[in-house]
Every structure is written in C-alpha cells, then in structure tokens.
Amino acid sequence: MTKPLRWGILATGKIAGVFARDLAGSRTGRLVAVGSRSAESARRFADEHGIAPAHAHGSYEALLADPEVDAVYISTPHPQHEEWAIKAATAGKHILCEKPLAPDLASARRVVEAARAQGVLLMEAFMYRCHPQTIRVVQLIRAGVLGKVGLVQAAFSFNTPFDPDSRIWNNALGGGGILDVGGYPVSWARLVAGAVEGHPFLDPVHISSAGVRHPQTGVDAYAAATLSFGNDVIAQVSCGVGLTQENVVRIYGSEGWLLVPSPYVVTRDLSPTTLLLHRAGAAAPEEIVVTPDRPLYAYEADAFADALAAGLRDVPAMSTADTLGNMAVLDTWLRQVGVVYAHAISPASPLA
Ligand SMILES: NC(=O)c1ccc[n+]([C@@H]2O[C@H](COP(=O)([O-])OP(=O)(O)OC[C@H]3O[C@@H](n4cnc5c(N)ncnc54)[C@H](OP(=O)(O)O)[C@@H]3O)[C@@H](O)[C@H]2O)c1
C-alpha cells in the first residue's frame with residue numbers, strides 16, 4: 001500500500017473545516033497539521049480535527065516549515081492566495097489552493113510559474129470537477145446524447161446581507177460575486193464547450209457582460225455574461241453575492257437538454273444526486289442517478305494525490321492551463337463590469 005499523502009491546512013476559516021472533515025473520508029489523504037495567524041485558532045482547529053498539538057502552528061510560516069507536511073490546502077481569502085501559494089512552492093510543498101487561484105490572471109500566472117519552477121503539483125480547488133456526477137455529464141456530452149450542443153446556462157448566486165468588513169463584500173479582501181462564485185459557472189461552460197470537442201476545456205472567443213456594483217465597496221453584487229466559443233457553443237453565466245438565483249446548470253442540444261440540479265456543492269453527504277435528461281419529444285425526463293462513495297472534498301483530495309502518485313505535472317480534472325483560461329474570463333468579466341480592486345492599484349498603475 002502506498003503511503004498516505006500528509007496534508008497541512010493553511011488558515012482555519014469556514015471551508016477549511018469542511019475540507020478537514022471530508023479529508024477523513026478520502027482514500028489517500030491524512031490531515032497532519034494546521035497553520036493559523038493565531039495560535040489559539042490553530043489549537044482549536046487541531047483539537048476538532050484530531051491533529052497532534054505539536055503540528056498546530058501559530059503561523060503560516062511554521063506550517064510551511066513542518067517536515068511532516070507533503071501538501072498544503074490554502075484557504076485564506078483570495079488576495080492572500082498568491083503570497084502563500086508561492087511561499088508553499090518555495091518550501092517544496094504541493095499545493096491545493098482555494099478558488100480563485102488568485103484575484104487576477106497576472107497573479108495566477110505567477111503562482112503557476114512558481115509551482116513549475118519548484119517542481120510541485122498545483123491545483124485550484126474546483127472540487128466539483130473531481131466528482132463522479134461531473135464526469136458523467138462529460139461522458140453524456142461526448143457520447144452525443146444531447147446531439148449538437150449549442151447553449152449552456154449556468155448560475156451560482158446567493159444573497160448575503162451587506163457587511164463592508166466581510167470577505168464577501170470587502171474590496172481589499174477580494175469581495176464580490178465574480179471572484180467568489182463566478183468562476184464556477186464559467187468553468188462549467190468551458191468544460192462543456194470543451195467536451196463537445198473531446199477536450200478538457202475550451203476558452204471563449206468573445207465575452208459580453210453586465211453587472212451591478214455595491215455603491216460602498218465597488219465590488220459586484222450580481223453580474224451576468226454571455227460567452228461565445230469558436231465551436232458555436234454559447235453560454236449564459238451569472239453569479240452574485242447579493243441576489244438569489246436558481247443555482248443549476250442546463251445544457252441544450254439538438255436532441256434534448258440536460259438539467260444538473262446540483263452542479264457545484266453536489267451533495268453534502270453520501271446521498272445520490274440526480275441528473276435530468278429531457279430527450280426531445282419525450283413526455284418526461286429520464287433520471288440519471290449518480291451515487292458517490294466518498295464526500296465531495298475527498299474526491300478532490302484523491303484526484304490530487306492520484307496525480308501526484310502518477311508523477312503528473314497537473315491534476316487532469318483541473319489543470320493549471322484550465323485555471324488560467326478561467327482567470328482570463330474572470331479578468332474580462334470584472335473589467336467589463338467596472339470592478340477595481342485596491343490590491344490591483346500599485347503606484348505605477350494609471351488608476352492610482
Ligand atoms: N471550494 C469551496 O467549496 C469553497 C467554499 C467556500 C469558500 N471557498 C474559498 O475559500 C477561501 C476562504 O473562504 P472561507 O469562506 O473559508 O473564508 P473565511 O471563513 O473568512 O476564512 C478565511 C480564513 O483565512 C485566514 N485569513 C488570512 N488572512 C486573512 C485576512 N486578511 N482576513 C480574514 N481572514 C484571513 C483566516 O484564518 P486564520 O485566522 O486561521 O489565519 C480566516 O479564518 C476563499 O478564497 C473562497 O473563495 C471555497
């Protein structure tokens with residue numbers, strides 16, 4: 001039996017707790033360490049998730065210096081991803097970094113280059129890509145079940161009360177819907193457009209967007225975009241942190257359409273998930289049931305460990321090229337909506 005991959009978690013926020021819980025259900029991973037800006041948070045997190053006290057670190061630097069850690073999961077707010085991913089690469093740790101990999105394309109490129117230069121594996125944590133439901137959707141498209149695919153509609157949006165200090169609404173913490181959840185519908189659209197060609201993804205050739213910004217912090221409250229792909233696939237994507245939407249994916253083809261009712265956080269437990277295939281002319285949709293054998297984030301941890309064990313330079317479910325293509329769309333979407341982040345304004349910038 002191969003040795004388990006030894007994980008350290010960098011930052012102890014909400015999603016870090018979910019990842020830690022699910023990692024316990026993975027085939028390949030073991031949680032051995034945590035790092036927090038506060039020693040007390042690190043201790044609390046370690047107690048909760050069975051990490052030995054000696055590996056509860058009161059700084060991110062100490063986590064990265066821990067020789068027992070093979071891979072780190074970075075779960076800080078977005079603007080801190082670049083700094084800690086590059087430091088993790090320099091420390092020789094493999095990196096699973098929360099989405100978005102960075103707040104903009106240039107910053108994401110620097111992370112990818114650092115990982116390459118240090119020879120460590122890097123994956124942006126789009127967990128849904130590793131789930132069997134997503135793999136099933138790709139199979140259906142490739143098998144031509146929908147005929148010629150022409151349109152994808154994908155949304156990920158929620159409404160959370162305005163709080164200028166929260167990571168969701170704060171400008172300096174990279175707030176707004178496009179960076180927080182917009183990457184999900186965009187990545188679904190690129191996945192489907194690519195599947196039509198038998199490729200892992202495809203990048204759009206044209207993007208046209210609109211959005212509404214919060215008057216106080218300037219981040220996008222909700223936004224929509226139309227993406228056109230070179231193979232005649234069109235996608236309508238939308239997202240938000242200040243609007244309630246139907247968070248589903250619909251894929252339309254010449255022979256029918258597919259509804260993915262739970263496309264992102266597929267299931268929170270091991271319950272089955274159902275795709276609805278509407279064949280043209282049929283009275284009722286066919287139910288395609290997918291039953292997971294692991295929790296959602298365990299699939300992600302296992303995809304990462306499998307790629308590492310196979311000596312791959314990328315995790316096939318979410319390669320770094322895929323990440324950079326997604327980031328390029330998010331950059332354009334943000335620019336068209338007029339979102340300007342404080343972190344992007346350097347003294348040399350004409351916006352300063
Ligand atoms: N894949 C998913 O399903 C999913 C779901 C939710 C969020 N996310 C992503 O995960 C990241 C974190 O989201 P979250 O909801 O877990 O956030 P959160 O609850 O606010 O936690 C973020 C953590 O980052 C650390 N941190 C470092 N610098 C910080 C700063 N300047 N301000 C505040 N916190 C700081 C803190 O941990 P310490 O105090 O321990 O240092 C904090 O607890 C985001 O990039 C988000 O996009 C992914």
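Two residues are in contact if their C-beta atoms, placed from the backbone, lie within 7 Å. Helices (H or I, at least four residues) and strands (E, at least two) are DSSP runs, numbered from the N terminus. The model is predicted: local features need pLDDT of at least 70, side-chain atom pairs count only at pLDDT 80 or more, and totals for chains, interfaces and linings use all residues. Residue numbers start from 1 along each chain as its sequence is written. The protein divides into domain 1 (5-125) and domain 2 (128-299 + 326-344). These bounds come from an automatic or database domain assignment.

**Domain contact**

- The C-alpha centres of domain 1 and domain 2 lie 25 Å apart.
- Domain 1 puts 16 residues into the contact, and domain 2 puts in 18 residues.
- On the side of domain 1 that touches domain 2, helix H1 (14-23) and helix H5 (105-118) are the elements that give two or more residues.
- H1 gives the most to that side, with 4 residues.
- By class, that side of domain 1 has 10 nonpolar, 3 polar and 3 charged residues.
- Ala, Val, Leu, Ile, Met, Phe, Trp, Tyr, Cys and Pro count as nonpolar; Asp, Glu, Lys and Arg count as charged; the others, Gly among them, count as polar.

**The parallel sheet and its helices**

- An open sheet of 6 strands runs in the order S3-S2-S1-S4-S5-S6, with parallel pairing.
- Two strands pair if DSSP finds at least two bridges between them.
- Strand S3 (56-57) and strand S6 (122-124) are the edges, each pairing on one side only.
- Strand S5 (residues 94-97) pairs with S6 in the parallel sense over 3 bridges.
- Cys97 has Glu124 in S6 as its bridge partner.
- H1 packs on the sheet and touches strand S1 (5-10), strand S2 (29-35) and strand S4 (71-74).
- The direction of H1 makes about 165 degrees with that of S1.
- Helix H2 (residues 39-49) lies across S2 and S3, at about 160 degrees to S2.
- Axes are lines fitted to C-alpha atoms, for helices over the stretch in contact; angles run from 0 to 180 degrees between N-to-C directions.

**Burial in H1**

- Ala16, Phe19, Ala20, Asp22 and Leu23 of H1 are buried.
- A residue is buried if 20 or more other C-beta atoms lie within 10 Å of its own, exposed if 12 or fewer, and partly exposed in between; C-beta atoms are placed from the backbone.
- The buried residues of H1 pack against S1, S2, H2, S4 and helix H8 (296-309).

**Ligand shell**

- The ligand is surrounded by 22 residues, and the closest are Ala11, Thr12, Gly13, Ser36 and Glu98.
- A residue is near a molecule or strand if its C-beta atom, placed from the backbone, lies within 6 Å of it.
- H1 supplies the largest share of the shell, 3 residues.
- The shell has 7 nonpolar, 9 polar and 6 charged residues.
- Domain 1 and domain 2 each give at least three residues to the shell.

**Backbone exceptions**

- Most residues other than glycine have a negative phi, and most peptide bonds are trans.
- Ala11, in the loop between S1 and H1, has a positive phi near 100 degrees.
- Ala11 is buried because 24 other C-beta atoms lie within 10 Å.
- Lys99 and Pro100 are joined by a cis peptide bond, with omega about -15 degrees.
- Pro100 sits in the loop between S5 and H5.

**Antiparallel hairpins**

- Strand S8 (residues 206-213) and strand S9 (220-228) run antiparallel and are joined by 8 bridges.
- Ile207 stands opposite Leu227 in S9.
- The hairpin of S8 and S9 has 6 residues between the strands, and Gly218 takes a positive phi near 75 degrees there.
- S9 is mostly covered, with 7 of its 9 residues buried.
- S9 also pairs with S10 in the antiparallel sense, over 7 bridges.
- Tyr222 has Gly240 in S10 as its bridge partner.
- The hairpin of S9 and S10 has 5 residues between them, and Asp232 in the turn has a positive phi of about 70 degrees.
- Asp232 counts as exposed because it has 12 C-beta neighbours inside 10 Å.

**Glu255**

- Glu255 lies in the loop between strand S11 (249-253) and strand S12 (256-260).
- With 14 other C-beta atoms within 10 Å, Glu255 is partly exposed.
- Leaving aside neighbours within four places in sequence, Glu255 is in contact with Leu146, Gly147, Arg279 and Ala280.
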